[in-house]
Amino acid sequence: MDVMNRPDNMERITTEAQAKAFIEEQIALLRAQIGGSKVLLALSGGVDSSVVAALLIKAVGQQLTCVHVNHGLLRKGEPEQVIEVFRNQMNANLIYVDAVDRFLDKLAGVADPETKRKIIGKEFIDVFAEEARKLDDTKFLAQGTIWPDILESEGGIKAHHNAGGLPDDLHFELVEPVRILFKDEVRVVGKALGLPDSMVYRQPFPGPGLGVRCVGAITRDRLEAVRESDAILREEFANAGLAGKVWQYFTIVPDFKTVGVKNGKRVDEWPVVMRAVNTRDAMSATVEELPWELMKKITARITAEVKGVNRVLVDITPKPCGTIEWE
Ligand code: XMP
């Protein structure tokens, strides 16, 4: 089978049996490609890199080294889940890099969204390259490239976000076991590999993470307000049966304060904005009409439980003209 291109007549993988057949085929291909060599993978905990990790663990076990970089902009519980699933349950060779201070120190005082994105992207490459240089005789770099990435980079819509970026002294051959799959197929394969639903059906999450939801210059306290309010929102969406039904839902904390009153005292605190949208391709989006009772419950919990927050607002702007993220 051609591993570089999706065959025109390839059936869409929708069943466990199809996924298992794909997994067996890939394991054989991976073993043939990799032989006795070592492989490196940046494991974010997102669906694509998690499925690639699980496939490679099955195919070559300890020849794979996964590097999980915690840049401080991940959602609550994510780094812990990566360690639990891959190190504890799958016995993967996992290097966990706590780079939180490094990223947040570099981002201190930077308010411009594009500059924030560039700092996060560059720092990520630097941290990953440092880890890669520590590992001798690693021949391959695994990536969670999927078929839409290839189509979009060929069509000139976006630069292929996975390929390249590493410094010139690091030469790897690429291993891309989910390259010919669409996103929905990656999820079916992930489920068949035994990954938890919370990983397989994870909502889309931007590379710069919570950094794009902590508007303006990121401070540690306001970043915590984003992380904690996001965790409450996700928990209440799950309780209300909306997880997996709404395409993307999250909170934003802008960098201004308003007056409120708590325990009979005046408080100057941030507002939290909640946003829930549905879309097919993220090029346009409609707003989910949330039940009033759910919004009241989330507001009560966020204002009571999240430090530094005295209001909750709802963004009901479709895309266009509002983008999904606030940046
Ligand atoms: P916007 O805000 O442009 O977002 O309407 C469209 C979708 O893309 C996600 N997004 C990203 N995804 N890397 C990603 O993988 C990124 O840098 C990035 N920025 C935005 C966003 O969450 C939404 O789903």
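Visitor: Is the crossing of α4 and α5 left-handed or right-handed?
Guide: The crossing of α4 and α5 is right-handed; the term applies if the near helix is turned clockwise from the far one by less than a right angle, and left-handed if anticlockwise. The model is a predicted one, in which local features need pLDDT of at least 70 and side-chain atom pairs count only at pLDDT 80 or more, while totals for chains, interfaces and linings use all residues. Residues are numbered from 1 along each chain as its sequence is written.

Visitor: Why is α4 called roughly antiparallel to α5?
Guide: Helix α4 (residues 100-107) packs against helix α5 (residues 113-134) at about 150°, and their axes lie 10 Å apart. Roughly antiparallel applies to α4 and α5 because their angle is over 145 degrees. On the α4 side the contact is made by Arg-102, Phe-103, Lys-106 and Leu-107, and on the α5 side by Lys-116, Ile-119, Ile-120 and Glu-123. By class, four of these residues are nonpolar, none polar and four charged.

Visitor: What makes α2 oblique to α7?
Guide: Helix α2 (residues 47-60) and helix α7 (residues 183-192) pack at about 45°, with axes 10 Å apart. That angle makes α2 oblique to α7, the class left once angles under 35 degrees (roughly parallel), over 145 (roughly antiparallel) and 65 to 115 (roughly perpendicular) are set aside. Their crossing is left-handed.

Visitor: Which residues of α2 and α7 meet?
Guide: Val-47, Asp-48, Ser-50, Val-51 and Ala-54 in α2 meet Val-186, Arg-187, Val-189 and Gly-190 in α7. They divide into five nonpolar, two polar and two charged.

Visitor: Why is Gly-46 called partly exposed?
Guide: Gly-46 has 16 other C-beta atoms within 10 Å. A buried residue has 20 or more and an exposed one 12 or fewer, so a count in between is called partly exposed. Gly-46 sits in the loop between β1 (38-42) and α2.

Visitor: Which residues does Gly-46 touch, not counting those up to four places away in sequence?
Guide: Gly-46 touches Arg-202 and Phe-205, a contact being C-beta atoms within 7 Å. Gly-46 and Pro-204 are 158 residues apart in sequence, yet their C-alpha atoms are 8.3 Å apart.

Visitor: How do you know that the chain is as compact as a globular protein of its length?
Guide: The chain has 10 helices and 10 strands, counted as DSSP runs (H or I of at least four residues; E of at least two). Its radius of gyration is 21 Å, close to the 20 Å that the globule rule gives for 327 residues, so the description holds; the rule is 2.2 Å times the number of residues to the power 0.38.

Notes. Axes fitted to C-alpha atoms, helices over the stretch in contact; angles between N-to-C directions. Contact = placed C-beta atoms within 7 Å. Nonpolar A, V, L, I, M, F, W, Y, C, P; charged D, E, K, R; others polar.
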